[in-house]
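Here are a few exercises to work through with the model open beside you. Try each task first, then compare your steps with the solution.

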Amino acid sequence: MASSTYHPVWSNDDLQQNVSEAQWVDYNLNVVAETTVGSLVPTVFDAYARVLYPLRATTTQHASSKTIAPWRDQLESIIEVLARSTTAPDECWFAVWEGNTALDDIRATAPTAAIAGYDYFLLKGPVSRAADTLEGLSPNLWWPSDHTWCVAQHFDFHCAYLGGSAETVADILALTSIASMPVRVDQIVTQGHDEHND
């Protein structure tokens, strides 16, 4: 994407001082020795899916028959589905891992929330802001206030995982130009995962 393209950003004023909402995510993760889908996304959902990022997707047989859209375009389609799959599309939470040095200047301005052993800054806004960045960084976790779904864009993996109702996940899987597949909540995931060996 051209560097001249405008990318909406979060400001420091969007940082939340009350981070207790993150307890819902942390409490419902199943943190185990081997990383599973359920250690990234709360285990309370009926169904789960994985969406491969474009660079990864173009190297897989699963996606070889598809033209994979840029990630920002994929996000727009995903956001559209998720916005209609919650009663709170204007009240969503976004967690950005605090470990990146790009966030050094804001550490004194907002508290962090502990989720599965990592600390995150929390932001709040409509689900349409899921593509916005904080100091160039995308949110690693995002979910609505009614907890009807959750998306994990973990920094260690080449894909995003999400959980939701069976209908919501089916709608995500039906999206065109997105390399997605259903996954199990107990499915083990690794940095070098191969979808044919899951």
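**Exercise 1.** Is Phe45 buried or exposed?

*Solution.* Start with the ground rules: this is a predicted model, in which local features need pLDDT of at least 70 and side-chain atom pairs count only at pLDDT 80 or more, while totals for chains, interfaces and linings use all residues. Residues are numbered from 1 along each chain as its sequence is written, and side-chain values use heavy atoms, with hydrogens and water left out. Next, take the cut-offs: buried means under 20% relative accessible area, exposed over 50%, and partly exposed in between, with a 1.4 Å probe and protein chains only. Phe45 has a relative accessible area of 11%, so Phe45 is buried.

**Exercise 2.** Describe the aromatic pair of Trp10 and Phe94.

*Solution.* Recall the criteria: rings of Phe, Tyr and Trp (its six-membered ring) pair if their centres lie within 6.5 Å; planes under 30 degrees apart count as stacked, over 60 as edge-to-face and the rest as tilted. The structure holds 10 aromatic pairs. In one of them, Trp10 and Phe94 are 5.2 Å apart centre to centre with 50° between the planes, a tilted pair. Now place the partners, with helices (H or I, at least four residues) and strands (E, at least two) taken as DSSP runs numbered from the N terminus. Trp10 lies in the segment before helix 1 (22-27) and Phe94 in strand 2 (residues 92-97), so the pair ties together parts that are 84 residues apart in sequence. Both residues, Trp10 and Phe94, are buried. Finally, widen the view: ring pairs link Trp10, Phe94, Trp142 and Trp149 into a cluster.

**Exercise 3.** What charged end sits over the ring of Trp10?

*Solution.* Apply the test, which asks for NZ of Lys or CZ of Arg within 6 Å of the ring centre and within 35 degrees of the ring normal. The charged end belongs to Arg129, 3.7 Å from the centre of the Trp10 ring.

**Exercise 4.** Locate Thr36 and list its contacts.

*Solution.* Thr36 is found in the loop between helix 1 and strand 1. At 8% relative accessibility, Thr36 counts as buried. Taking contact as heavy atoms within 4.5 Å, and leaving aside residues up to four places away in sequence, Thr36 touches Asn30, Val185, Asp186, Gln187, Ile188 and Val189.
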